[in-house]
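Here's a quick briefing to read alongside the structure.

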Amino acid sequence: MKAPDIRVERLVKRYRSSGINAVDGLDLEVMPGEFIGLLGPNGAGKTTLISILTGVMRPTAGSVRIQGHDIAKERHRIHRLIGFVPQDIALYGEFTARENLAFFGRLQGLDGTTIRERGDRLLDRAGLLPRAGDQVRHWSGGMQRRLNLITALLHQPAIVFLDEPTAGIDVQSRALIRDLLAEIHAEGATLVYTSHHLEEVERLCTRAVIVDHGKLVAEVADLRTGTGHERLEDIFLHVTGRELRDRS
Amino acid sequence: MIARIAAHIRKELLLLLRDRAGLALLFVMPVCLVVIMAVVQDAPFRDFSDRQVKVLFADHDGGVVGQRIREKLERSATFTIADGSGMDADGFRESIRRGEHQVGVIVPHNASAVFDARSTAALEGIFAPADSSTGPLDSANVQLVIDPAVKHALRQLAHASITAILAELASERLLEDMHASLEEMNGDSMPPLSIAEPFIGVRQEMAARELAGDRVAYDSTQHNVPAWTVFAMFFTVVLLGGNMVKERSSGRMLRLLTMPGGTAERITGRISAYLLVCVAQGVLLLLVGIWLLPLIGLPRLRTTGPDALLLLLLAAIVVALAATSFGVLVGAACRTQQQSAVLGSTFVVIMSAIGGIWVPLYVMPPAMQGVGRVSPLHWSLEAFNVPLLREGDLGELLPCLVPLLIFSAVCIAISVVAERSASYR
């Protein structure tokens, strides 16, 4: 039996300032090649969980292993294995697309030739090659989102974390990003994907996990087959309730 | 690791190259500051060196005393003389008040007569005390009118110069009269009595060897070029700190934190990039001092040779390290770009004011001189002055560099701890 790519055990993250457990004893396993949809209402703990899984945030208790490596001790090794697409545009607007790819590619230890070859292939796939020499700040939001995504794929990571990669973009860009993610998944990568677009999760992911109040409250398997379960939105509302979460 | 640091260096330099306002702040502003401050401070610096004091001279005497005072003033390299004899008293005074001349010298109408009478009385007191008159002698005063805007040192210079000239005139006259009396007593001609030079002379020299054959080592250029180079290097804090905060508050930092390489590599990359920028600033301002300032009539920046240039380069690198380390500290400590810009620039302006950048430390009150010595900008200026002014060697330069290196190490250590605790909390 294959070992999980991600193993989370009794994970707790307590914010000292508020005294709240943003993640509260969460367990999760993600097998190689899975495409997990990480869902939850605002403030449920998704971003905190992703931050811990990517080594940005220190857990208060519990353990996280990425391909067997303990994140508390081997963060730098894990950073070679993962790619991360943040919710905000994580690019240098003053740089061209190629310069952005070159900078982040160098940090991943890629040589110039590899960066050029893979970079141009990804730029072409994302429909950005004709504007590859322009400064990114002059681009549309959709183009920036696409570059934001392919920047995280340049070093061909085994595991990709995506924090709402399609937020606030046009339909065409969203469709292209969905296609790209499907391709990466088909090539064997493990993906962890947070989104408020439940229909996207249903269409792309193999499994959905729903988090609320820092706990895993539901899991929905076999999403693509669409059999054996209700609509994802109904399940989501059933386990998290209809109460609005954006009140202070 | 080296490749990642190189990537960070390239990134910082590229960000700078794409920021026109930032480039102007780093390179155009210091050139303007050096030129403007060197021009503005040229006159005050010359007051202490080779500036000619403009004297309005009114000779109401018309005799030998007025004539000799004028001759001696003209022979001095310190004064340029304009004739004000034809002016009325109010016009003469008004001309000085308006600053057209710094000093007015009025020789009274009876100067030569009083001079003759006093000389004769002095001689009678020596050779024929019995015949000497006991009645009061007339008196006369050469009047000095001083521009109210000139410094105390200049007033003293004018007063001391006229007093010395009058004393010299009296000595010469006494010797001439004694010579005549002795010839009359002996009935024979005698060689003239004269003092070719003072019995005890005064010799002045710079503590350092004269630079390039010039008289004075310290002038407006020699102060302002290193001073504003130090200021410009430290002022990179505005850009460096701002870029750090901008990166941290954007998604870019989140991406960087999920990639290989840690805080130390990012900070090393930043410091290395801005170190290059600071050294480039130093070279540019050095060239401004050597080539541009002489074109607008200011003294040329003087350097003493290849050894001094090597020491200057070493000083520039260490000052640049201190400046960029401080920039990194501000960037790590501040939460917003506004905070970093205000905090960084205010600190640099205050530290430069008390550290002797605007005006040399030696013209400040003693208490301020003590305060100024805690400023890293003062240590930086001293580091530049060792090769530029004092002709010091490495042994003299090191005591200036050590505090800067300690300052840099403290800034970097705090920055790394602050960045790490903020990025993995």
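**Strand pairing around the hairpin**

In strand 2 of chain A, Val23(A) is the residue that Lys13(A) stands opposite. Keep in mind that this is a predicted model.

- Strand 1 (residues 6-14) and strand 2 (residues 21-30) of chain A run antiparallel and are joined by seven bridges.
- These two strands of chain A make a hairpin, with six residues between them. In the turn sits Gly19(A), whose phi is positive at about 75 degrees.
- Strand 1 of chain A also pairs with strand 4 (residues 61-66) of chain A, in the antiparallel sense and over five bridges.
- Which residue of strand 4 of chain A does Glu9(A) stand opposite? That's Ser63(A).

**The six-stranded sheet in chain A**

- Six strands of chain A form an open sheet in the order 6-7-8-3-9-10, and the pairing is mixed.
- At the edges you'll find strand 6 (82-85) and strand 10 (215-220) of chain A, each of which pairs on one side only.
- Going from one strand to the next, the twist averages 20 degrees.
- Strand 6 of chain A pairs with strand 7 (residues 159-163) of chain A in the parallel sense, over four bridges.
- Within that pairing, Ile82(A) stands opposite Ile159(A), which belongs to strand 7 of chain A.
- Helix 1 (residues 46-53) of chain A packs on the sheet, where it touches strand 3 (35-39), strand 7, strand 8 (190-194) and strand 9 (207-212) of chain A. The direction of this helix makes about 150 degrees with that of strand 7 of chain A.
- As background for looking at any of these strands, side chains in a regular strand alternate between the two faces of the sheet.

**Two glutamines with positive phi**

- Most residues other than glycine have a negative phi.
- Gln67(A) isn't a glycine, yet its phi is positive at about 45 degrees. You'll find Gln67(A) in the loop between strand 4 and strand 5 (69-70) of chain A.
- Is Gln67(A) buried or partly exposed? There are 18 other C-beta atoms within 10 Å, so Gln67(A) is partly exposed; the buried class needs 20 or more.
- Gln156(A) is also not a glycine and has a positive phi, of about 50 degrees. Gln156(A) lies in the loop between helix 5 (141-151) and strand 7 of chain A.
- Gln156(A) counts as partly exposed because it has 15 C-beta neighbours inside 10 Å.

**Chain A overall**

- Chain A has eight helices and 10 strands.
- Its radius of gyration is 18 Å, close to the 18 Å from the globule rule for 248 residues, so chain A is as compact as a globular protein of that length.
- The C-alpha trace of chain A spans about 45 × 45 × 40 Å along its principal axes.
- Of the 248 residues in chain A, 45% are buried.
- Among contacts in chain A with a separation of 6 or more, 69% are between residues 24 or more positions apart.

**Chain B overall**

- Chain B contains 15 helices and four strands.
- There are two domains listed for chain B: domain 1 (2-47 + 219-423) and domain 2 (53-186). Taken over C-alpha atoms, their centres are separated by 54 Å.
- The radius of gyration of chain B is 31 Å, whereas a compact globule of 425 residues would come out near 22 Å.
- Along its principal axes, the C-alpha trace of chain B spans about 110 × 45 × 40 Å.
- In chain B, 38% of the 425 residues count as buried.
- For contacts in chain B between residues at least 6 apart in sequence, 80% join residues at least 24 apart.

**Where the chains meet**

- How many residues of chain B are in contact with chain A? The count is 19 residues of chain B, in contact with 25 residues of chain A.
- On the chain B side, helix 1 (2-17) and helix 9 (251-257) each supply at least two residues.
- Helix 1 of chain B gives the most to that side, with six residues.
- Sorted by class, the side of chain B that touches chain A has nine nonpolar, four polar and six charged residues.

Technical notes:
Residues are numbered from 1 along each chain as its sequence is written. Chains are lettered from A and ligands numbered from 1 in the order in which they are written. This is a predicted model: local features need pLDDT of at least 70, side-chain atom pairs count only at pLDDT 80 or more; totals for chains, interfaces and linings use all residues. Two strands pair if DSSP finds at least two bridges between them. Axes are lines fitted to C-alpha atoms, for helices over the stretch in contact, and angles run from 0 to 180 degrees between N-to-C directions. Two residues are in contact if their C-beta atoms, placed from the backbone, lie within 7 Å. Ala, Val, Leu, Ile, Met, Phe, Trp, Tyr, Cys and Pro count as nonpolar, Asp, Glu, Lys and Arg as charged, and the others, Gly among them, as polar. The radius of gyration is taken over C-alpha atoms; the globule rule is 2.2 Å times the number of residues to the power 0.38. A residue is buried if 20 or more other C-beta atoms lie within 10 Å of its own, exposed if 12 or fewer, and partly exposed in between; C-beta atoms are placed from the backbone. Domain bounds come from an automatic or database domain assignment.
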